[in-house]
Amino acid sequence: MIPSSHTGSMHNATGSRTGSTRPLGSSAAGALEVVSAPPLLTIQDDGRPTGRSMGIPRSGAMDPVALHATNALVGNPSGTAALEWAGGGGRLRVRRPMLIAIGGAHAEMTLGGNPAPWGVMLRARPGDLLDISAPTWGRWLYIAISGGIAVPEVLGARATYLPARLGGFEGRTLVRGDLLPAGLTNTQLPDTRSAFDLREAMTDVLARQHVHVMEAPATSSLPSECWTQLVARPLTVLPESDRMGTRLSMLSDSNRAAAPAPDDSARPSEPACIGLVQLTSNGQPLVIMPDGPTLGGYPAVACLRAGDVPVLAQRTPGERVRFIAR
Amino acid sequence: MQVPAEPQVMALGDEAVLVRLGTSVDSTTFSRVRDLVHTLETASLPGVLEIVPAYASVALYMSDASTRQAVMDAARFLAGAPSEAATADATSVTTHVIPVRYDGADLESVAEACDLTVSEVVRRHSSRTYDAFALGFVPGFAYLGVLDESLRLPRRPQPRTRVPAGSVAIAGAQTAIYPFETPGGWHLIGRTAVSLFDASRARPALIAAGDRVRFMSIDGA
């Protein structure tokens, strides 16, 4: 269970110290109930700003554009903890009056029996059921609630890091019966973008078929064909892609032969970053995502521009994406 | 003695900078890495959130892309300057002594593969002071080296799906302790009760990159 020091108190999940706050319900401990969960339902925020020196990845939302937009729609500071939903459909029960916004991936959604539009602020009443289908466009869907999900901070964030069971709700994926605490609502408006602009930003991430890449530390030591091929034609997102990494279709046979086999005794691992495109020994590009390793053992052939990581994250397996050098 | 290569300073994506001091795993290169970390920490560059050493390189992570060029310039200057930290090195490095019960599942097969007795494997593993070259794989997992040459074996052909927490293992020129139960392909030679990672501690990871580690053989069932 969540440590008792946090469940009973009205814990402010937004981390904001300015602006007046007021509780929406009489108790925030069980604001939202998981009636049925998709295969991967976790609490995510902007992730841990530090921790790489201890081997802790940043974690946080796969699509921070959608996290920030959905939070803004309900009046939360942009990095507030929200639900990240993937892999299927499910149902939540609202137990306190709250504002809800759903963004990122699209899905069929109803709230209290009525169609719930994507990318708008919804008013939910106690007892309302929120039904969400498997995502129909994009891969990662976000549900922000007013006040945020008020689980305790662990090492500077509420983001869930499943491999080490850090943060989130007991460090795990949410399952049927879980009761999620809400934080205090925040009356300040931290994000002044209009709802229209927020939807535009999220739609751009879903619709874009290309990402921009820059050179990485190993680019110059790899055969030039590696770089040329990477940017020459679209790559296919493979099904093994997850919160740790996005795997892309292999480069051609000739290039695979040219790529040096990584040998961990000869070539030391180097610190990695989110968006780093590593070339595995079979010629398959593997892009490090928010839960990915802090050290890279494979040669880094390229790196995604920081703002383009969400574009790759939202591509579903089988979709194609083009790398553009810039 | 090999002349150290000129440091290479490169962008690591938009929000990080990599300083490469070499391309080999050895204590000489790593002592330069340790010195550079000390120099960079002392310099306290604006916008830098975290400094992360690993083997022969150091990465600096920023909160956004706006400071990258300034950090690259500063890192290039500091990495090229003669180190004043070197003399303080020996006294300021933390050394951890890890008690180990040498009864790992692979201890006998390691001894056989190395053509040594079990007690000689234990003696050689526990008679060195190792550098913590880097942390990674999982939180708190420190890559320690370098291992006595007579103990160097390739990884197991089939990784185990579950390696118990606290397992002390070897592979290649390195040794490590598994902080959690995870999959793993290293050879298990012992176990320790020491907690390598605990998120509720002020310093969650027991071993930091740059620290030194010794193993102490203990008896008992």
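**A strand pair and its surroundings**

Take Ile51(B): its bridge partner is Leu60(B), in β4(B). This is a predicted model: local features need pLDDT of at least 70, side-chain atom pairs count only at pLDDT 80 or more, and totals for chains, interfaces and linings use all residues. Residues are numbered from 1 along each chain as its sequence is written, while chains are lettered from A and ligands numbered from 1 in the order in which they are written.

Now the two strands. β3(B) and β4(B) pair in the antiparallel sense, over six bridges. To pair, two strands need at least two bridges found by DSSP. Strands themselves are DSSP runs (E, at least two residues), just as helices are (H or I, at least four), numbered from the N terminus.

β3(B) and β4(B) make a hairpin, with two residues between them. Tyr55(B) sits in the turn, and its phi is positive, about 55°.

How covered is β3(B)? Mostly: five of its seven residues are buried. Buried means 20 or more other C-beta atoms within 10 Å of the residue's own; exposed means 12 or fewer, and partly exposed lies in between, with C-beta atoms placed from the backbone.

Next, the other chain. 38 residues of chain B are in contact with 30 residues of chain A. Contact means that the C-beta atoms of two residues, placed from the backbone, lie within 7 Å. On chain B's side, the elements giving two or more residues are β1 (8-11), β2 (16-20), β3 (48-54), β4 (57-62) and β6 (129-135). So both strands of the hairpin are on that list. β3(B) gives the most, with four residues. By type, this side of chain B has 27 nonpolar, seven polar and four charged residues. Nonpolar covers Ala, Val, Leu, Ile, Met, Phe, Trp, Tyr, Cys and Pro; charged covers Asp, Glu, Lys and Arg; the others, Gly among them, are polar.

Glu33(A) has Arg93(A), in β5(A), as its bridge partner.
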